[in-house]
Amino acid sequence: MDNHENAPLNSATGWPRRSVLKAGAVAVGVGLLGRFADARAAGLSASDYQAMDAWAMSQAIRSGELSAEDLLAATLARYNEVNPRVNAVNMLHEAYARAMLAQRRAAGTLNQGALAGVPLLIKDLNTSLQGTVTSNGSRMFKDSPPATRTSTLISRYEQAGAVPFGKTTCPEFGLTTTTESLAWGQTHNPWNLAMSAGGSSGGAAAAVAAGIVPVAHATDGGGSIRIPASYCGLVGLKPSRYRTPSGPLHFEGWFGASVGNVVSRTVRDTALFLDVGQGHEAGSAYWSPPLVRPYVQELQREPGKLRVAVVRQSLTGAPLEPAIAATLEQTIKQLLALGHEIDELTLGVDPRQLFGAHGTVIGTAVRTLIHDREQVLGRAATAQDLEKITLVNLERSKGTSGEDLYRARQSFENIGATMEQHFERYDVILSPVTGSLTPKLGLLSLDQPWDSYAHNAMGSAGFTVLANVSGQPAISLPLGQSDNGLPVGMMFTARLGGEDVLLRLASQLEQAHPWAARRAAL
């Protein structure tokens, strides 16, 4: 075992000074560091900017080889170049970012922190940035008053040196697996602009895939990190329930089914942001205990021989499209070649209980959010405020009783216990992220009749919702591609608190199957 757990750490950041990964695709960003002294005089080039992941950016900022102002300028240049085509960023907060950099320069802290100078986009859903509006992808919330506080997770990124400069698109209230809304329009997949970028963190995924940022904040309540990551060829980790904070206003989302993290191009960026973001927040009754060492150090440890269970059947019963089935087989062969054991698994989860409980919780949460807004507006929501599928969900949720909600919470616990039993036999469960390839824009929009929406959605979330209800961590990795060039992700799920296992395996697969240099040809 290549064990470097005692590698020297940077005292300010708590992560290794040297590069963690050996993959050549990742090393390209580190190899650029020596050129930044010249680049500062002429401005950071677009190619150099896009070659860096967040890790390389923070290294360059902290070493003084690149200024945070030059990095922000390069970020905004890429935003101006590609965002009109992909529509990933719906709100630009440039003044906020520049004021933050000026304050840090005045305080002498501009080059400090594990995320020093890293540009950051925030998902426009249930996440606040002080002084700015959160629209939740809805016309009903576009004119909401600016937030008076910043969400705890975003504050942790800021305290580590990240620079928020805008927000990313999402569907209304995150209710579908595409990113299209009447409030902000359609977000396009950078790999094919006629296709969806996924949802509900499609704006975040499109922004990363388009090279606007190397990492973007995202949330996942039913697959909303993993599905866009799969569709856009990225790494997307949904952490364990309560691994990252959801406050300060609410300490859990959807009874813990919804959690925050990021989408990224590299495994080490995912580990880095998880290290910065994780941990208990004051006032919360919930938390997932941290590991004894940072997650970035886990990337230096071999995963060992893992017992991998393969799940082929979607809980919705939707068949696998050929490119997804082929990628699953290729992934199994790769795992066997790496020395892991493979077995077949039937989950033994009742889909009606799973989707029923999930739907009850989401419907009640959205109804509460809308009622709160109605109180502020002094009127009831109308068809001019909400999209067609949202209105259907709102009407259906009106019949939910307190007993229904309590039983849904019990179902979460029962399904979680069932899943944990599988991890007594297996280290990791492998499955597709979705049963279908990236859909065309319009097919999963909330602005359509219920019957057509329900039919089109069958193949999108049949694998991902389970980990949200049961609480386990799950990661999407870009391990395949369709004949027409669309990315295909595979999902790995581990026991509660098993992010270390997932990250070690993801690092091993990234070295065996480098993906960071494979980019959408915008």
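Author: Leaving aside residues up to four places away in sequence, E158 touches Y96, M100, R104, L129, T150 and P164, where contact denotes heavy atoms within 4.5 Å. The model is predicted, so local features need pLDDT of at least 70 and side-chain atom pairs count only at pLDDT 80 or more, whereas totals for chains, interfaces and linings use all residues. Residues are numbered from 1 along each chain as its sequence is written, and side-chain values use heavy atoms, with hydrogens and water left out.

E158 is buried, that is, under 20% relative accessible area, against over 50% for exposed and partly exposed in between (1.4 Å probe, protein chains only). Despite this burial, E158 has no salt bridge, a term requiring a side-chain nitrogen of Lys or Arg within 4 Å of a carboxyl oxygen of Asp or Glu. R104, already named among the contacts of E158, is the nearest side chain of opposite charge, at 5.9 Å; Lys and Arg count as positive and Asp and Glu as negative, with His and the chain ends not counted.

E158 belongs to helix α7, residues 152-159; helices are DSSP runs of H or I, at least four residues, numbered from the N terminus. The axis of α7 comes within 9 Å of that of helix α10 (residues 267-277), and the two cross at roughly 110 degrees. α7 is therefore roughly perpendicular to α10, the class for angles of 65 to 115 degrees. Axes are lines fitted to C-alpha atoms over the stretch in contact, and angles run from 0 to 180 degrees between N-to-C directions. Between these helices, L153, R156 and Y157 of α7 meet F273, V276 and G277 of α10.

Notes: Parallel < 35°, antiparallel > 145°, perpendicular 65-115°, else oblique.
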